[in-house]
Amino acid sequence: MSHLKIENITKRYGRHTVLSDVSLEVEKGEFVCILGPSGCGKSTLLRVLAGLENIESGYVIINGKDVTTVPPSKRNFGIVFQSYALFPNMTVLQNVAYGLSGKKLNKGEIAAKVDQAIETVNLGDHKNKYPQQLSGGQQQRVALARAIVIEPDFLLLDEPLSALDAKVRIKLRREIKTLQKKFGITTIMVTHDQDEALSMADRIVVMNNAVIEQVGSPVEIYETPKTAFVADFIGTVNFINSTSAVRPEWVGIGSEGGVPGKVTDIEYRGAFYRLFVDSQHGHLTVDVKADVKNHVNVEYGTDIFINIPNEKIICLEAV
């Protein structure tokens with residue numbers, strides 16, 4: 001039995017449908033990322049799971065129990081928003097303790113749980129500070145501590161890292177993943193960042209225009225996307241025609257053999273060079289290591305030959 005199941009969820013704002021007959025199952029302890037462009041319905045879906053949105057039709061089922069009409073306070077989830085939503089007039093300790101308000105715990109039990117949560121997110125030296133005295137990354141850790149202190153069945157994360165700069169974002173996503181695995185919390189995170197989803201998720205749910213396009217592991221989503229949208233949204237892809245595609249790093253180059261092409265541009269990307277090549281397959285993007293580029297002696301305007309292994313061609317569903 002799935003830990004969480006949503007069945008045939010439809011949600012509208014007036015005449016605008018934001019979720020159209022959406023179904024999904026999540027297993028206990030999974031880290032699931034809901035990925036998609038702005039306006040695709042991913043945040044609305046998270047809010048439906050939390051009980052923060054009413055729906056036109058469908059069901060939300062937790063541990064076999066229909067909770068579709070159960071209020072948020074009865075669903076036992078912790079939630080973290082992009083904006084942190086901290087109380088500016090409360091210290092770190094007070095913000096985290098607020099998550100336990102309404103629980104039947106004595107002061108000693110609350111203090112112990114709060115201290116543990118704060119230590120878990122490495123903020124022990126900052127517990128008496130106010131939010132404005134903390135960095136963005138530290139404020140997000142406070143929000144996480146407040147979410148996990150209640151020992152939730154689910155952790156819901158709504159674009160939790162998008163307001164942070166790149167290096168802090170990368171560091172914090174590793175910390176979130178480590179924390180999630182340590183406690184085994186079933187976690188559902190909304191993001192529009194493909195790198196975030198690929199590096200953090202056990203499974204990725206790709207959404208577009210109010211529906212789920214594909215669900216799968218990061219490897220499945222990247223290497224065997226089902227639709228042109230998924231292939232294009234996750235990473236870089238070359239469309240050979242309307243029903244087949246190939247990733248840039250899977251295209252080989254040489255000075256003879258294969259399909260002729262001409263290099264029209266080159267970008268240095270650190271670990272590799274990105275070549276832009278005109279060929280009979282159209283305008284292709286090709287990623288090659290420096291030693292390969294130098295061996296073939298590739299420069300602007302160089303005539304080269306490209307090879308696309310048949311086993312690497314992605315077959316897409318026809319629209």
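The axes of H4 and helix H5 (residues 166-183) come within 11 Å and cross at roughly 15 degrees. Axes here are lines fitted to C-alpha atoms, for helices over the stretch in contact, with angles running from 0 to 180 degrees between N-to-C directions. Angles under 35 degrees count as roughly parallel, over 145 as roughly antiparallel, 65 to 115 as roughly perpendicular and the rest as oblique; H4 and H5 are therefore roughly parallel to each other. Their crossing is right-handed, meaning that the near helix is turned clockwise from the far one by less than a right angle.

Before going on, a word on the model: it is predicted, with local features needing pLDDT of at least 70 and side-chain atom pairs counting only at pLDDT 80 or more, while totals for chains, interfaces and linings use all residues. Residues are numbered from 1 along each chain as its sequence is written, and side-chain values use heavy atoms, leaving out hydrogens and water.

Which residues bring H4 and H5 together? Gly-137, Gln-140, Arg-141, Leu-144 and Ile-148 in H4 meet Val-168, Lys-171, Leu-172, Glu-175, Ile-176 and Leu-179 in H5, where contact means heavy atoms within 4.5 Å.

Ile-176 turns up again in the largest nonpolar core, among the residues with the most contacts inside it. Such a core is a set of buried Ala, Val, Leu, Ile, Met, Phe, Trp, Tyr and Cys residues joined through side-chain atoms within 4.5 Å; buried means under 20% relative accessible area, with a 1.4 Å probe and protein chains only. Helix H4 gives the largest share of this core, six residues. A second, separate core includes Leu-4, Val-48, Ile-188 and Met-207.

| Core | Residues |
|---|---|
| Largest nonpolar core | 41 residues |
| Second, separate core | 25 residues |

Now to the sheet. Four strands form an open sheet in the order S2-S1-S4-S5, with antiparallel pairing. Its edge strands, S2 (16-26) and S5 (65-66), each pair on one side only. Two strands pair if DSSP finds at least two bridges between them; S1 (residues 4-13) and S4 (residues 57-62) are joined by five. Ile-6 stands opposite Val-60 in S4. Helix H1 (residues 42-50) lies across S1, S2 and S4, at about 120 degrees to S1.

Overall, the chain has nine helices and 18 strands, taken as DSSP runs numbered from the N terminus (helices H or I, at least four residues; strands E, at least two). Of its 319 residues, 46% count as buried.

Key
Buried means under 20% relative accessible area, exposed over 50%, partly exposed in between (1.4 Å probe, protein chains only).
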